[in-house]
Amino acid sequence: MTEGTEEPLPDSRNVPALLAALRTQHRSCTVAVTGTPGGSIHVRDGLVVAMETPGAPGIEGLLLRSGRIGEQAWSAVRASDTTHEHLAAELVDHGLVGAAELEVISLGALFDAAFALSLAVPDSWEVTGPVPTLYRNAGVTPERLLDEVSRRINFLAGEPGSVAALARTRMRPASTAHLPEPADRLPARHRAVLAAADGRRTPRDIAFALGRGLFAVMIDLRHLLDRGLVRPHTPPTNGRPSTAARIAPSAAPPSAMAPPSVLDSASLPRRLPGRNSAPARRPHD
Amino acid sequence: MSSLDAALGRALSTPGISGAAVLDAVTGLSYAESGDMSASQDSCEIAELARTRLVRAGASGELESVIVTTSTRHLVTIQLSRQGDPLLLCATVDRDRTNLSSALRELSLHADELLA
């Protein structure tokens with residue numbers, strides 16, 4: 001709301017350079033980033049306080065989807081503060097969420113959105129006046145934001161496929177995941193991710209479904225991938241349904257599929273319980 | 001002042017505790033740090049290792065704490081369960097200024113305050 005009196009921003013090569021310029025000028029503004037996923041970066045007094053992007057769950061998604069706050073209570077608080085300027089204080093004052101807890105969620109969503117935005121090159125960006133938004137933290141310097149984002153990229157990198165490709169990959173449980181033994185030894189957190197990986201959801205979709213951060217879900221998926229419990233879902237290359245044999249003839253001798261007596265006694269092949277899963281654990285790709 | 005920083009400041013007023021940090025147990029993100037806390041992200045890795053190895057070894061129940069002891073200090077990591085991914089409260093404890101059990105008791109008090 002103090003526009004017009006401020007010095008013009010130098011042309012920025014990229015968003016980090018823009019944020020660094022905003023930091024030196026102690027600006028309060030909102031940067032609208034267009035692209036896929038795109039989003040908004042909220043800057044107060046040069047420090048980044050919030051980021052929103054369709055690429056990662058925001059504070060609202062984390063509070064509601066995880067069940068911390070009920071829809072009704074949320075709507076009631078939102079209705080009392082239409083500008084969202086005091087939403088954070090309202091939530092704490094109503095006892096809906098602890099002050100430290102909201103701070104943790106606010107910072108977590110901020111760094112997670114920065115990570116999601118960093119996975120694609122933005123088309124363009126525009127600096128506008130400060131848009132009121134929900135946040136509760138003292139603000140983060142652009143340097144710290146960059147450091148944390150590169151730490152996250154490095155943490156996930158070093159495997160086949162880039163981090164951005166992993167974020168887009170639909171995951172499905174590997175056949176071994178149906179065996180009770182390996183899944184039972186997993187922490188509850190990993191079991192929830194495994195249950196949410198249905199072959200249609202990308203890591204982003206799983207994060208939204210569980211009300212957890214994108215990076216946290218990708219760490220868990222990487223762990224499950226390494227243990228061979230999930231695998232990337234590869235859609236069929238053509239529209240025609242496959243007519244290939246369901247069982248590779250060379251994969252196992254016929255005696256491993258069914259006892260010969262069963263095959264001899266009936267003219268039609270019979271399904272045998274438990275014989276549908278893959279005979280051996282195959283390495284994931 | 002942020003609520004997290006205030007809680008850590010109170011923890012640091014305990015004699016013998018020279019550093020404290022609140023981390024995300026899954027992502028390793030540091031939410032707040034105060035005092036001498038140089039190796040906080042390592043604490044997250046150590047805790048994750050302990051957690052997955054214990055489950056794989058057949059241990060039931062949640063991880064509560066990991067204590068790494070050197071000749072001069074304890075590096076105490078307490079897992080704080082909450083709705084969602086847990087947090088880690090890490091603290092550097094000087095061995096010649098306090099003992100481990102009283103430091104642990106103090107830290108659990110601060111942990112309860114943090115999540116209140």
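**Figure 1. The hairpin of β1(B) and β2(B) has five residues between its strands.** Within this hairpin, G28(B) takes a positive phi near 75°. This is a predicted model, in which local features need pLDDT of at least 70, side-chain atom pairs count only at pLDDT 80 or more, and totals for chains, interfaces and linings use all residues; side-chain values use heavy atoms, with hydrogens and water left out. Residues are numbered from 1 along each chain as its sequence is written, while chains are lettered from A and ligands numbered from 1 in the order in which they are written. Strand β1 of chain B covers residues 17-24, and strand β2 of chain B covers residues 30-35. The two run antiparallel and are joined by five bridges. Strands (E, at least two residues) and helices (H or I, at least four) are DSSP runs, numbered from the N terminus. Two strands pair if DSSP finds at least two bridges between them. V22(B) has A32(B) as its bridge partner, and G19(B) has G35(B).

**Figure 2. β1(B) also pairs with strand β5 of chain B.** β5(B) spans residues 87-94. Seven bridges join it to β1(B), and the two strands run antiparallel. I17(B) stands opposite V93(B). Buried means under 20% relative accessible area, exposed means over 50%, and partly exposed lies in between (1.4 Å probe, protein chains only).

**Figure 3. About 260 Å³ of space lies in the largest cavity.** Its lining has 19 residues, and the closest to its centre are L62(A), G213(A), D24(B), Y31(B) and D85(B). On a 1 Å grid over the protein atoms alone, a cavity is a set of points where a 1.4 Å probe fits but cannot get out; a pocket is an open set with protein on both sides within 12 Å along at least five of seven lines; lining residues have an atom within 4 Å of a point. Grid points are joined across faces, edges and corners, and a volume is the space filled by probe spheres set on the points. The structure holds four cavities of 30 Å³ or more. Helix α5 of chain A (residues 99-118) gives the most to the lining of the largest cavity, with five residues. Domain 1 (15-156) and domain 2 (159-256) of chain A both give residues to this lining, so the largest cavity lies between them. The domain bounds come from an automatic or database domain assignment. By class, the lining has seven nonpolar, five polar and seven charged residues. Ala, Val, Leu, Ile, Met, Phe, Trp, Tyr, Cys and Pro count as nonpolar; Asp, Glu, Lys and Arg count as charged; the others, Gly among them, count as polar.

**Figure 4. The second largest pocket holds about 580 Å³ of space.** It is lined by 25 residues. Nearest its centre lie F155(A), I219(A), H223(A), E45(B) and E48(B). Which element gives the most to this lining? It is α2(B), with nine residues. The lining has eight nonpolar, six polar and eleven charged residues. Domain 1 and domain 2 of chain A each supply at least three residues.

**Figure 5. Helix α11(A) is largely enclosed by the rest of the structure, because twelve of its 13 residues are buried.** Among the buried residues are F215(A), M218(A), D220(A) and R222(A). After α11(A) comes G228(A), with a positive phi near 75°.

Figure 6. Most residues other than glycine have a negative phi, and most peptide bonds are trans. The bond from T36(A) to P37(A) is cis, with omega near 10°. P37(A) is found in the loop between β1 (29-34) and β2 (39-44) of chain A. H26(A) is not a glycine, yet its phi is positive, near 50°. H26(A) sits in the loop between α1 (15-24) and β1 of chain A. It is partly exposed, at 46% relative accessibility. D45(A), also not a glycine, has a positive phi of about 55°. D45(A) lies in the loop between β2 and β3 (47-52) of chain A.
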